[in-house]
Amino acid sequence: MCYAIPGRVVELNDRVAVVDYFGEHRKVVNEFDNLAVGDYVYAQGGFVVQRVSREAAEETLETWREAFFELQKVDEKLSNVNPPTAGKDFLELMDKASLGRPLSSDEILRLLGSEDDGELKLLYTTANLMRKRNLKNSCCVHGIIEFSNHCRRDCAYCGIRQGNGSLPRYRMTVDEIVDAAGEAVNVHGFKALVLQSGEDSWYSIERLTETIRRIKEECGVLIFMSVGERGRECYRRMYEAGARGVLLRFETSNRELYGRFHPGGKLSDRLKLIRHAADLGYLVATGSLIGLPGQTTEDLMNDILLTKELGAEMHSFGPFIPNPDTPLAGAVPSEVDSVLKVLAVSRLLSPDAKILVTTALETLDPDAARMGLLAGANSLMIKLTPGEYGKNYALYPGIQSNKTTEDRITETLELLYSLGRAPTDLGI
Ligand code: 5AD
């Protein structure tokens with residue numbers, strides 16, 4: 001099974017390799033010694049992550065060749081539906097956005113504030129067309145391993161907050177994490193993994209860097225670390241060990257709301273760390289929670305603009321879902337459309353970004369992944385946390401399912417194929 005298409009190196013200039021995929025050329029950063037023109041590689045997030053033998057690559061490419069162009073045809077057909085109708089002002093706004101002209105704050109608020117079915121359909125269709133025009137049908141499928149649910153923080157919405165005494169806690173050993181990553185890459189074919197945990201200092205810098213180093217030794221994969229506010233030194237050392245991505249949401253761009261929901265935390269500290277990670281060279285995945293109590297449409301606009309300003313490689317916006325074991329137990333959950341609007345407007349403002357459909361959104365509606373992918377999104381994550389551990393990584397209440405990793409992969413691939421999307425990451 002494979003979540004990326006191998007490409008052939010056709011040019012090498014210093015650290016930049018040009019890779020050919022069925023005639024399309026993409027630039028990627030190469031950190032391998034002795035890579036040569038003519039070699040076959042897998043690239044993820046703009047980095048070469050694996051070299052593959054000519055035989056293995058040609059075999060994979062043979063099975064992909066027809067599917068690649070067939071899927072593009074399906075995507076083309078689904079994207080070019082007759083545009084739904086809406087009022088003249090809304091139609092003009094969509095024309096403006098699809099021409100790539102900047103939208104004013106009032107115009108963004110107009111889009112995010114719409115509750116009209118026709119307008120929303122048009123917004124999603126336009127965002128989907130922009131996704132197709134700029135990024136074709138490729139869709140990133142990253143795996144996520146949630147390795148510890150211990151957390152020293154007390155975020156008001158989060159089920160793994162320190163103050164939640166009713167949650168059974170777990171920590172995976174370094175060996176267990178390395179094994180789970182090895183299986184994800186070598187058995188299931190993932191090319192990018194997110195390693196996520198609460199803010200858990202049991203994982204010293206040494207333990208984290210050892211984990212990263214051992215995974216990199218064992219398999220060619222792009223590693224995103226999602227371990228919260230662990231300090232600049234920790235982020236520097238994790239980069240040195242081989243991690244190339246950081247997933248750290250700023251959660252909300254509203255300073256006052258941030259303070260209210262994150263006891264002892266400061267939005268400015270979090271933003272400094274995200275910017276620091278970007279300066280270190282990490283690919284940054286960030287974003288916010290949609291539907292927090294007290295959040296306004298203006299806040300959502302600022303969340304989208306801040307994500308763009310932070311230069312995020314991947315935009316991660318998900319719905320707030322009240323967790324019964326937290327102080328926000330009684331709050332109202334986010335609506336699916338509130339999230340879809342944010343995804344669609346993000347796409348209009350950041351045509352080239354990777355925009356994620358989160359598992360939280362899928363929890364709100366089993367059809368949400370499809371809806372998100374048709375509203376401008378082009379990335380998904382599959383949970384790979386082993387068995388019992390996965391059940392206890394309970395950030396928000398989810399549908400308890402007995403699905404195996406294989407089931408989840410099969411379902412995701414079926415969904416992607418039905419939409420004409422290729423589970424690939426063709427680099428930058
Ligand atoms: N609903 C939705 N998302 C949540 N997260 C934490 N608690 C919840 C909740 N109740 C999200 C946070 C965090 C990510 C790992 O999980 O945004 O960044």
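Is Thr 296 buried, partly exposed or exposed? In this predicted model, in which local features require pLDDT of at least 70, side-chain atom pairs count only at pLDDT 80 or more, and totals for chains, interfaces and linings use all residues, the relative accessible area of Thr 296 is 39%, so this residue is partly exposed (buried denotes under 20% relative accessible area, exposed over 50%, and partly exposed the range in between, with a 1.4 Å probe and protein chains only). Residues are numbered from 1 along each chain as its sequence is written, and side-chain values use heavy atoms, with hydrogens and water left out. Thr 296 belongs to the loop between strand 11 (289-290) and helix 10 (297-309), where helices (H or I, at least four residues) and strands (E, at least two) are DSSP runs numbered from the N terminus. A distance of 9.4 Å separates its C-alpha atom from that of Asn 254, 42 residues apart along the chain.

Eight strands close into a barrel with parallel pairing, in the order 6-7-8-9-10-12-14-15; two strands are taken to pair if DSSP finds at least two bridges between them.

Strand 2 (residues 16-21) pairs with strand 3 (residues 24-29) in the antiparallel sense over six bridges, with Val 18 opposite Lys 27 and Tyr 21 opposite Glu 24. These two strands form a hairpin with two residues between them, and Phe 22 in the turn has a positive phi of about 45°. Strand 2 is also joined to strand 1 (residues 7-13) by five bridges in an antiparallel arrangement, in which Asp 20 is the bridge partner of Arg 8. Five of the six residues of strand 2 are buried, so this strand is largely enclosed by the rest of the structure.

A polar side-chain atom of Arg 249 lies 2.7 Å from an oxygen atom of the ligand.

Definitions and conventions. Polar contact = N/O pair within 3.5 Å; in protein donor to acceptor, adjacent residues only side chain to side chain.
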